[in-house]
Amino acid sequence: MEVIVGARQGSYTASMAMKPIDHQNRPVFLELRRIRFPVGAIASILHRITGVVLVLAIPTALGLIAHSSTSSAHFRQVARWLDGPLAAVALAVVLGAAVHHLLAGFRILFMDAGIGVRLGAARLSAWAALLIAAASGVAFLVWLIAQGGAHVP
Amino acid sequence: MFRDSGASRTGLGAWWWQRLTAVYIAGFLVLGVGWLVVAPPADFAQWRGWLDSLAVAVTLALFILATGIHAYLGLRDIFMDYVPAGVVRVLAMGVWTGLVALYMAWGLLWVAGL
């Protein structure tokens, strides 16, 4: 087997490789109330889900910017669209998704550089990404409501 | 770093592009959204003034290219993981590639016409 230069103890080795699965008799456990994902798995799947949210949100945001740039009337029209409670919730969800995607992305970039790879640090950064994203979404929503909407003139 | 990485090198280019675009997008979003939240434009004239500057146009154009590449690679990974290889995946990738191309073309035309 090819040995990667710089492999440390605790690296992935051939002995850890997945064994062939007996597809007819493989164990199945789908009791949803008892399934527990590790926080890293939740951060990972949320990174994907928030990515899909942003695929929808970023072109929408650019479309709004484009529309608002065409005339003074369109500018005010976009401001009105962003001024309702529904828009405030949508903006907060998008912001929370963006913050999570950003932090989970930084987490991966640091791990690529070998920083925070060990289990304890990885779990901590996964929790931090989740909690900071949720907190910033909620804080942004409260701030928007306190101002009475998105408050674009 | 790797000796004779062979087939394992496939995808290394995509890996780098995903990270390069990620860093640009992160910088743009933190500065751009931060700016909009801290100092929203007072009126249309100020808003147009920002959008008319060459620096904003170049930054926006790069953002559109970066998000297009980043999203293309991200959804490509999702399709490769969750959609079994076959006609459905090929169709999904075809539609997705078309949408990304449309997004980039629309974005660059829009920025050029600003």
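This is a predicted model: local features need pLDDT of at least 70, side-chain atom pairs count only at pLDDT 80 or more; totals for chains, interfaces and linings use all residues.
For the complex, the predictor reports an ipTM of 0.82 and a pTM of 0.80. In chain B the average pLDDT is 89, and 91% of the residues score at least 70. If we go through chain B element by element, helix α4 (residues 87-113) has the highest mean pLDDT, at 95, while helix α2 (residues 44-52) has the lowest, at 88.

I turn now to the interface itself. On one side, 29 residues of chain A are involved, and they are in contact with 32 residues of chain B. Together the two chains bury about 2,500 Å², and carbon and sulfur atoms account for 74% of that area. Of the area that chain A buries against chain B, 23% is supplied by A:R48, A:L62 and A:S69, more than by any other three residues.

Next, the polar side of the interface. Between chain A and chain B, five residue pairs are in polar contact, both residues being at pLDDT 80 or more. Two salt bridges are found across this interface. In one salt bridge, the side chain of A:R48 meets that of B:D81, with 2.6 Å from N to O.

Which helices of chain A each supply at least two residues of the side that touches chain B? They are α1 (39-68), α2 (72-81), α3 (85-112) and α4 (119-147). The largest share, 11 residues, comes from α1 of chain A. By residue type, the side of chain A that touches chain B comprises 19 nonpolar, seven polar and three charged residues.

Terms used
Residues are numbered from 1 along each chain as its sequence is written. Chains are lettered from A and ligands numbered from 1 in the order in which they are written. Side-chain values use heavy atoms; hydrogens and water are left out. Contact means heavy atoms within 4.5 Å. Buried area is the accessible area (1.4 Å probe) that two parts lose on being put together, summed over both. A salt bridge is a side-chain nitrogen of Lys or Arg within 4 Å of a carboxyl oxygen of Asp or Glu. A polar contact is a pair of N or O atoms within 3.5 Å; within protein, one must be able to donate a hydrogen and the other to accept it, and residues adjacent in sequence count only if both atoms are side-chain atoms. Helices (H or I, at least four residues) and strands (E, at least two) are DSSP runs, numbered from the N terminus. Ala, Val, Leu, Ile, Met, Phe, Trp, Tyr, Cys and Pro count as nonpolar, Asp, Glu, Lys and Arg as charged, and the others, Gly among them, as polar. pLDDT is the predictor's confidence in each residue, from 0 to 100.
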